[in-house]
Amino acid sequence: MMFRLEKIRYKGILHIDNLTISAGMVTCLTGESGAGKTSLLRLLNRMDDPDSGSIFYQDQLLESLNPIEHRRKVTMLSQTPFILPGTIEENLQMGLELTEREKKDETELEKALETVQLQKALTDGAENLSGGEKQRLALARLLLLKPEVYLLDEPTAALDEETELKVMSRFLEEVKLEKGTVIMITHSRQLADICAEKMIIMKKAKEDDY
Amino acid sequence: MEGNGIIDIEFWRLCAAYVFVVVLLIIVKWRGISREKQIILATVRMTVQLILAGYVLTYIFENPHPLLSLGFLCAMALFSIHNIFKQVPYTLNKKIKRMVILSMLTGPMAALFYFNVVVIHFTPWYEPRYFIPIAGMIVGNAMTGVTLALKNLHDGICSNREKVEAMLMLGATPKRAVKKYVDAAFDSAVLPTLNNMLGMGIIFLPGMMTGQIMSGISPLIAIEYQIAILIGILGSVSLTVVLFIMLSFRAFFTKNAQLSI
């Protein structure tokens with residue numbers, strides 16, 4: 001068991017009585033907008049704390065863990081990829097530097113780019129990339145961090161469906177090799193159907209739920 | 001009217017200086033800029049505050065006492081803290097306010113005592129003729145520095161919220177996630193002092209030096225004081241701003257390393 005949520009209430013957005021998320025699996029979160037999908041990922045990443053209830057990560061209460069160390073194991077990719085001025089290589093290394101990990105050599109960086117099917121040189125500028133390319137660069141950066149859990153907030157929303165499927169299949173294959181767990185928000189029915197081993201469909205919380 | 005080498009401005013001539021304010025009022029009225037109230041308020045406050053300062057300083061100079069010098073210094077520090085809070089156009093949380101107070105009470109004081117004891121070296125240490133004007137320059141410039149640092153730090157973090165959060169989500173420490181904005185805030189706070197030093201003596205002659213020259217002191221002595229005080233100001237601004245920034249960036253985060261603004 002990776003996560004266990006009990007009686008979670010959060011800002012009138014989330015109302016979860018009981019939810020478990022298994023280790024080593026791809027779990028897709030779908031549902032109408034405003035249903036609290038991003039809020040749920042943020043709670044799991046500990047960017048926010050629930051108003052009440054408990055979240056357990058590997059049977060440990062989330063509150064009892066160091067938030068920064070937790071995020072290095074359970075890492076979230078924000079919806080808008082953040083790309084800094086500089087080369088693709090600098091952007092890839094930045095994730096490692098930010099989290100105080102050792103830098104990787106060029107072969108590993110190129111392999112990550114290949115996994116997300118971004119055909120660019122490491123020396124190319126990152127700022128001129130298209131929206132979809134930036135998303136893939138951010139995915140490659142995350143892949144290099146090798147967290148235990150990948151929390152992905154619509155990681156390929158800017159890609160066309162065909163590319164999205166190709167990129168995510170390769171990405172998930174790579175994560176599975178490392179025995180990683182993925183919790184991913186997606187609006188693509190097809191992507192969810194193909195990749196998800198477990199689906200969570202979220203609905204807007206009603207006022208009388210509180 | 002001349003006495004001790006300095007012209008005492010006659011009362012009506014001093015009043016004539018207010019013509020400039022009248023000119024400014026006419027201009028803003030003509031251009032439709034609604035600043036009349038502020039101009040009048042600023043002029044009245046400046047006049048009243050300086051008259052009061054004149055009397056208070058005369059009294060303190062004639063009756064030098066350590067408590068009086070320290071009291072004046074405290075009043076300056078409190079007024080500058082109040083001014084910082086007023087100049088920032090958003091509500092500050094308690095933690096940030098506390099950091100402003102702490103840094104304004106320690107940075108300028110440390111710089112002031114070092115400057116007075118080591119650089120100028122006057123006795124007794126509380127001699128108000130030196131102590132008060134120097135304290136004014138050091139505290140005043142630290143105030144400007146902290147205001148700029150606070151505004152830039154706040155704006156930098158608020159307008160880059162998404163980026164800061166994206167870094168936190170990956171597992172960056174708050175310190176690392178805001179490093180860029182902290183550095184930029186420090187830079188913006190120290191830059192005016194550095195620019196001031198660059199133009200010094202060519203583009204402008206600073207108030208203290210002008211005052212000394214007008215009161216008959218040799219420009220060579222006046223520049224000694226000016227060089228010393230400029231470096232003192234730079235030291236005070238950098239020390240206070242560094243202290244403020246190092247303490248205050250944490251105030252933008254909760255204890256669980258989440259953004260709290």
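1. Two residues are taken to be in contact if their C-beta atoms, placed from the backbone, lie within 7 Å. On that basis the contact between the chains takes 18 residues from chain A and 15 residues from chain B. The model is a predicted one.

2. Which elements of chain A each supply at least two residues of the side that touches chain B? They are helix 2 (67-73), strand 6 (74-77) and helix 3 (88-98) of chain A. Helix 2 of chain A provides the largest share of that side, with four residues. By class, the side of chain A that touches chain B has seven nonpolar, six polar and five charged residues.

3. Chain B has 11 helices and two strands. In sequence order the pattern is β-β-α-α-α-α-α-α-α-α-α-α-α. Along the principal axes, the C-alpha atoms of chain B fill a box of roughly 75 × 55 × 35 Å. Of the 261 residues in chain B, 29% are buried. Among the contacts in chain B between residues at least 6 apart in sequence, 73% join residues at least 24 apart.

4. Chain B is divided into domain 1 (1-63) and domain 2 (65-252). The centres of domain 1 of chain B and domain 2 of chain B, taken over C-alpha atoms, are 26 Å apart. Seven residues of domain 1 of chain B are in contact with nine residues of domain 2 of chain B. On the domain 1 side of this contact, the largest share, three residues, comes from helix 3 (residues 36-62) of chain B. The residues on that side of domain 1 of chain B divide into four nonpolar, three polar and no charged.

5. Helix 3 of chain B also meets helix 6 of chain B, through L57(B), I60(B) and F61(B) on helix 3 and P128(B), R129(B) and I132(B) on helix 6. The axes of helix 3 of chain B and helix 6 of chain B come within 9 Å and cross at roughly 140°. The two helices are therefore oblique to each other, as angles count as roughly antiparallel when over 145 degrees. The residues of this contact between helix 3 and helix 6 of chain B divide into five nonpolar, no polar and one charged.

6. How do helix 9 (residues 179-199) and helix 11 (residues 219-248) of chain B pack, and at what angle? The angle is about 170°, with the axes 10 Å apart. That makes helix 9 of chain B roughly antiparallel to helix 11 of chain B. Residues of helix 9 of chain B in this contact include V182(B), F186(B), V190(B) and M197(B), and those of helix 11 of chain B include L230(B), L234(B), V241(B) and I245(B). The residues of the contact divide into 13 nonpolar, two polar and no charged.

7. The largest nonpolar core has 108 residues. Those with the most contacts inside this core are L151(A), I138(B), V146(B) and A149(B). Helix 6 (residues 128-159) of chain B gives the most to the core, with 15 residues. Leaving aside residues up to four places away in sequence, L151(A) touches L41(A), L44(A), N45(A), V74(A), T75(A), M76(A), L77(A) and I183(A).

8. Some backbone geometry deserves a check. Most residues other than glycine have a negative phi, and most peptide bonds are trans. A cis peptide bond joins T123(B) and P124(B), with omega about -10°. P124(B) is found in the loop between helix 5 (94-120) and helix 6 of chain B.

9. Positive phi values occur at two residues in chain A that call for a look. K7(A) has phi near 50° and is placed in strand 1 (residues 3-10) of chain A. R46(A) has phi near 65° and lies in the loop between helix 1 (37-44) and strand 4 (52-57) of chain A. Is each buried or exposed? K7(A) is exposed, with 12 other C-beta atoms within 10 Å, while R46(A) counts as buried, with 24 C-beta neighbours inside 10 Å.

Note on methods:
Residues numbered from 1 in each chain as written. Chains lettered and ligands numbered in written order. Predicted model: local features only at pLDDT ≥ 70, side-chain atom pairs only at ≥ 80, totals over all residues. Domains from an automatic or database assignment. Nonpolar A, V, L, I, M, F, W, Y, C, P; charged D, E, K, R; others polar. Axes fitted to C-alpha atoms, helices over the stretch in contact; angles between N-to-C directions. Parallel < 35°, antiparallel > 145°, perpendicular 65-115°, else oblique. Core = buried A, V, L, I, M, F, W, Y, C linked by C-beta atoms within 7 Å. Buried ≥ 20, exposed ≤ 12 C-beta atoms within 10 Å, placed from the backbone.
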